[in-house]
Amino acid sequence: MTGIAVPAGALAPVADGQQHPWLLVAPWWHWPAQTGHGRTSRPALQKYETPDLVNTFLADPQLRLQFLPDLDEVVIAAKPTSVMSPPARTATGIRKLYLDTHHRHYLITCELHCDATGFPLVTRDQVCQAGFVIRRRLFGLTFEQRTAARTMLRRLAGARQRLTSAETELAVTRSRQAGAMHVGKLQARREAASTLVAQHQAAVRAWASDIGLRRRLEGWIPQGIDGNGTYLDVPACPAAGAAGSGTAASPTPLAGVGRWENVDELPGDLAEGSFPLLPLIADPSNPGSDATNATIFFGLVPTGSADVDPNGTARFDDDSVYEIRCFVRRHKPACPRTGPQCHCPITWSDPTESYQIASHFDLQGTANRPVTVQLPDLYKLQSDALTMPPGSTGGMMMKAPQSLNPTSTFPPGGSTGDAEICTFAIPLITIVATFVFKLFLPVVILIFQLWFMLLLKFCIPPEVKPDVDLEKALAVTPPSGVLSAAFEAEIDTDIDKMMGGADLGKGPASQVLKARQPAADRMELAKLTLTTPASPAPPGGLIFAPHVDRSTVVP
């Protein structure tokens with residue numbers, strides 16, 4: 001019997017934490033998707049579309065969004081060979097984490113076991129601290145090496161672009177049942193492009209081997225300032241940074257200030273800034289809970305931060321590749337339960353999968369959270385403006401020390417005048433801004449040949465709205481549903497007039513509305529249809545990960 005595959009309500013074997021080493025692995029429901037075995041798994045990320053992800057996790061730890069290859073993977077887009085050709089997209093295998101503003105949120109989850117026969121769990125009372133650190137891996141290159149690398153990678157990207165074009169043209173030609181000679185030429189072209197890609201890949205690998213290219217590991221070290229105004233490291237545990245501090249006086253910590261510095265893979269002393277891991281406590285009234293008979297921890301993964309280095313550079317960016325390592329400290333009986341636990345032995349997990357943070361303007365990310373800007377109604381705006389005194393419509397006031405007075409002559413000119421104060425209504429600014437945007441959008445597309453930007457604009461007809469008379473008529477429908485012939489005919493006419501041009505789909509409600517049904521039924525359906533979209537589109541990317549049964553996992 002293992003610490004996971006046990007009947008509901010049964011007690012799992014518990015490790016004697018002082019005799020065997022510990023293992024921080026993925027929660028048991030992630031084991032089948034990772035390596036199939038608990039011992040070889042690593043802490044796992046979980047994705048959510050709600051900011052209330054903690055309560056969601058506590059209620060059902062397995063309820064999460066599934067990571068999708070097309071949406072949650074970093075893709076490199078090479079420069080297109082022509083204006084009309086699409087850029088080649090190359091999947092990197094690196095996970096992409098969206099920002100909070102993209103309506104996506106993430107948890108890091110792990111489970112603690114003892115590395116002993118039966119893979120028993122470690123009880124929470126043996127843990128005095130749990131947390132995780134975020135690190136990044138970089139290549140240490142000189143300026144000349146970076147220039148050479150950029151040139152080789154650009155050549156490799158161009159070769160991949162030609163290979164993609166050749167494969168696409170060959171597929172289209174085959175679908176048209178072209179002649180064998182033409183197909184053979186395209187096959188030879190594809191083989192040549194494939195050989196060129198292999199040659200450039202081999203050149204990059206040989207170059208990296210010649211210079212001894214290695215990736216360095218960096219962690220975020222908090223910093224403080226001493227009495228002389230010098231920035232110094234303030235490690236999480238003082239012993240980790242005591243050597244080399246150069247001063248007897250401790251620096252004053254600075255909130256939100258740190259720097260990336262080389263760190264060891266598995267340091268014995270924690271110098272990096274860390275984030276807390278919280279225990280997942282099973283509901284005692286629910287013996288079938290996923291947290292029963294398991295020691296599971298979870299933490300919020302930050303995709304943004306106000307932390308900066310002394311130069312003002314943000315801690316996180318959308319270029320670096322990050323990874324997470326979880327850790328726990330084994331409590332010593334002689335140590336107090338409160339305060340720093342720097343002297344307790346630390347156990348590290350394997351690093352998570354590498355990930356990058358999406359940019360603010362990531363198209364897939366911004367599509368998760370559309371924003372509606374309601375433009376003013378010109379007729380209502382005119383009516384309201386005529387009823388208000390001059391100067392009372394201003395939502396924004398501009399004070400100019402000198403006024404600018406343009407002339408209507410050609411060539412244009414102007415002069416500066418005395419100070420002036422002007423008020424502008426917010427609807428006026430919105431209308432002008434919209435006009436300028438629509439005016440210059442085709443100009444930018446034409447000048448810079450950015451024809452793909454036409455795909456970023458999509459207009460639909462206005463939503464169907466009931467007119468005032470019909471809305472009033474629907475509101476006064478007799479409770480009994482018994483209508484006079486004249487009232488029924490009037491409602492029928494109004495519904496047909498308003499709904500005639502609307503796309504109501506092919507559902508049962510739309511069929512009743514299109515058919516000649518009694519007016520009372522048609523009015524009830526009209527009320528329902530006019531207050532909800534006729535064909536609502538399902539949210540994109542909201543595919544939930546499958547649940548895993550405990551009896552199917554292997555430790």
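**A walk through the predicted model**

Guide: In this predicted model, S41 has a relative accessibility of 1%, so S41 counts as buried.

Visitor: Where does S41 lie in the chain?

Guide: S41 belongs to the loop between β1 (22-25) and β2 (44-48).

Visitor: Which residues does S41 touch, leaving aside those up to four places away in sequence?

Guide: With those set aside, S41 touches V25, A26, W31, Q34, T35 and D350.

Visitor: What is the distance between the side chain of S41 and the backbone nitrogen of A26?

Guide: A polar atom of the S41 side chain lies 3.2 Å from that backbone nitrogen of A26. The side chains of S41 and W31 are also joined, by a polar contact of 3.5 Å.

Visitor: Let me stay with W31. Which ring does W31 pair with, and at what angle?

Guide: W31 pairs with F119; the ring centres are 6.0 Å apart and the planes stand at 55°, so the pair is tilted. W31 is in the loop between β1 and β2, while F119 is in the loop between β5 (105-114) and β6, so the pair ties together parts that are 88 residues apart in sequence.

Visitor: Are W31 and F119 buried or exposed?

Guide: W31 is buried, as is F119. F57 and F298 form another tilted aromatic pair, with 4.9 Å centre to centre and 50° between the planes. This pair links distant parts of the chain, since F57 is in helix α1 (residues 53-59) and F298 in strand β12 (residues 296-300), 241 residues apart. Both F57 and F298 are buried.

Visitor: How many aromatic pairs does the structure hold?

Guide: The structure holds ten aromatic pairs. Ring pairs also link W220, W260, F316, Y322 and Y355 into a cluster.

Visitor: Now to charged residues. How many salt bridges are there?

Guide: The count comes to 16 salt bridges. One of them joins the side chains of K96 and D362, at 3.1 Å from N to O. K96 is in strand β4 (residues 89-97) and D362 in the loop between β15 (355-357) and α5 (363-366), and this pair links distant parts of the chain, 266 residues apart.

Visitor: Is K96 buried or exposed? And what of D362, buried or exposed?

Guide: K96 has a relative accessibility of 9%, so K96 counts as buried. D362 counts as buried too, because its relative accessibility is 13%.

Visitor: Which residue forms a salt bridge with R135?

Guide: The partner of R135 is E272, and the closest N and O atoms are 2.8 Å apart. R135 lies in strand β6 (residues 127-139) and E272 in the loop between β9 (252-262) and β10 (275-276), so distant parts of the chain, 137 residues apart, are linked. R135 counts as buried because its relative accessibility is 0%, and E272 is buried with a relative accessible area of 2%.

Visitor: What about D233: which residue is its salt-bridge partner?

Guide: D233 forms a salt bridge with R259, the closest N and O atoms being 2.7 Å apart. D233 is in strand β8 (residues 231-233) and R259 in strand β9, 26 residues apart. D233 is partly exposed, with a relative accessible area of 29%, and R259 is partly exposed as well, at 27%. Elsewhere, salt bridges that share partners join R137, E265, E323 and R325 into one network.

Visitor: One last residue. Where is A157, and in which helix?

Guide: A157 lies in helix α2 (residues 143-175). A157 is partly exposed, with a relative accessible area of 25%. The C-alpha atoms of A157 and H200 are separated by 9.2 Å, although these residues are 43 residues apart along the chain.

Key. Residues are numbered from 1 along each chain as its sequence is written. This is a predicted model: local features need pLDDT of at least 70, side-chain atom pairs count only at pLDDT 80 or more; totals for chains, interfaces and linings use all residues. Side-chain values use heavy atoms; hydrogens and water are left out. Helices (H or I, at least four residues) and strands (E, at least two) are DSSP runs, numbered from the N terminus. Buried means under 20% relative accessible area, exposed over 50%, partly exposed in between (1.4 Å probe, protein chains only). A polar contact is a pair of N or O atoms within 3.5 Å; within protein, one must be able to donate a hydrogen and the other to accept it, and residues adjacent in sequence count only if both atoms are side-chain atoms. Contact means heavy atoms within 4.5 Å. A salt bridge is a side-chain nitrogen of Lys or Arg within 4 Å of a carboxyl oxygen of Asp or Glu. Rings of Phe, Tyr and Trp (its six-membered ring) pair if their centres lie within 6.5 Å; planes under 30 degrees apart count as stacked, over 60 as edge-to-face and the rest as tilted.
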